[in-house]
Amino acid sequence: MQTFLFIMVVGVGSTLALDLWGLIARKMGWLPGAHWPSVGRWLLGLPAGRFFFDGTNAAPNTTTESVLGWAFHYVVGLAYAAMLPLFWGADFIRDPGLGPCLVIGLVVSTVAGLGFFMPAMGGGLLARKTPSPPMTIAYVLVAHAVFALAQFALALGVAAAM
């Protein structure tokens, strides 16, 4: 039960922090972040063999695409939270450390984002097909640093509550 609670609080909470950071960044005029309905469209295309989102479908996103994209985003956040006690043991839940959160929340998520997700969504490896690869990489790094720090803060909160 403790592990489930940890994963839910840290996974959902840190993903929500990432989303809030995205809203702040957008209001500051920085990059808008991921468009989760497009992710839903990409996911729906996978069974048909469309492994790369090309953005040529100009039709408005459907509710199904939006729900699927957002759900996928939060499931990934839950998976990253689950990696912490999975890789560092159940003791991590009672005594969380910043290092593992930086490894998963910053390093692993950034590598996955720039090495898998960005190419799958048409942005190219390391965002090379985006209008400004250095700015996109900087945005991803800052966003995932926010995510990692939120993981750590929430993990501390869960540990204190147990």
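Tutor: The expected span of a helix is 1.5 Å times one less than its number of residues, and helices here are DSSP runs of H or I with at least four residues, numbered from the N terminus (strands are E runs of at least two). Let's take helix α3, residues 63-88. Its 26 residues reach 38 Å from the first C-alpha to the last, close to the 38 Å expected at 1.5 Å a residue. Just after α3, G89 takes a positive phi of about 90°.

A word on the basis: this is a predicted model, in which local features need pLDDT of at least 70 and side-chain atom pairs count only at pLDDT 80 or more, while totals for chains, interfaces and linings use all residues. Residues are numbered from 1 along each chain as its sequence is written, and side-chain values use heavy atoms, with hydrogens and water left out. On pLDDT, the predictor's confidence in each residue from 0 to 100, the protein averages 94, and 100% of the residues score at least 70. Confidence is highest in α3, at a mean of 98, and lowest in α2, at 94.

Now for the inward-facing residues of α3. Buried means under 20% relative accessible area, exposed over 50%, and partly exposed in between (1.4 Å probe, protein chains only). The buried residues of α3 are E65, G69, H73, Y74, G77, L78, Y80, A81, L84 and P85. Their packing partners are α1 (2-27), α2 (36-45), α4 (91-94), α5 and α6, where contact means heavy atoms within 4.5 Å.

One of them, E65, is a charged case. E65 has a relative accessible area of 9%, so it counts as buried, and its side chain meets that of R41 in a salt bridge at 2.8 Å, N to O. The rule is a side-chain nitrogen of Lys or Arg within 4 Å of a carboxyl oxygen of Asp or Glu. This pair links distant parts of the chain, since E65 sits in α3 and R41 in α2, 24 residues apart. R41 is buried as well, at 11%.

By this rule there are two salt bridges. The other joins D91 and R94 at 2.4 Å, N to O. Because these two are three residues apart in helix α4, about one helical turn separates them. D91 is exposed at 52%, and R94 is partly exposed at 47%.

One last stop is α5 (residues 98-120), which holds M118. M118 is buried at 16%, and among its contacts beyond four places in sequence is A127. A127 lies in the loop between α5 and α6, has a relative accessible area of 0% and takes a positive phi near 65°.
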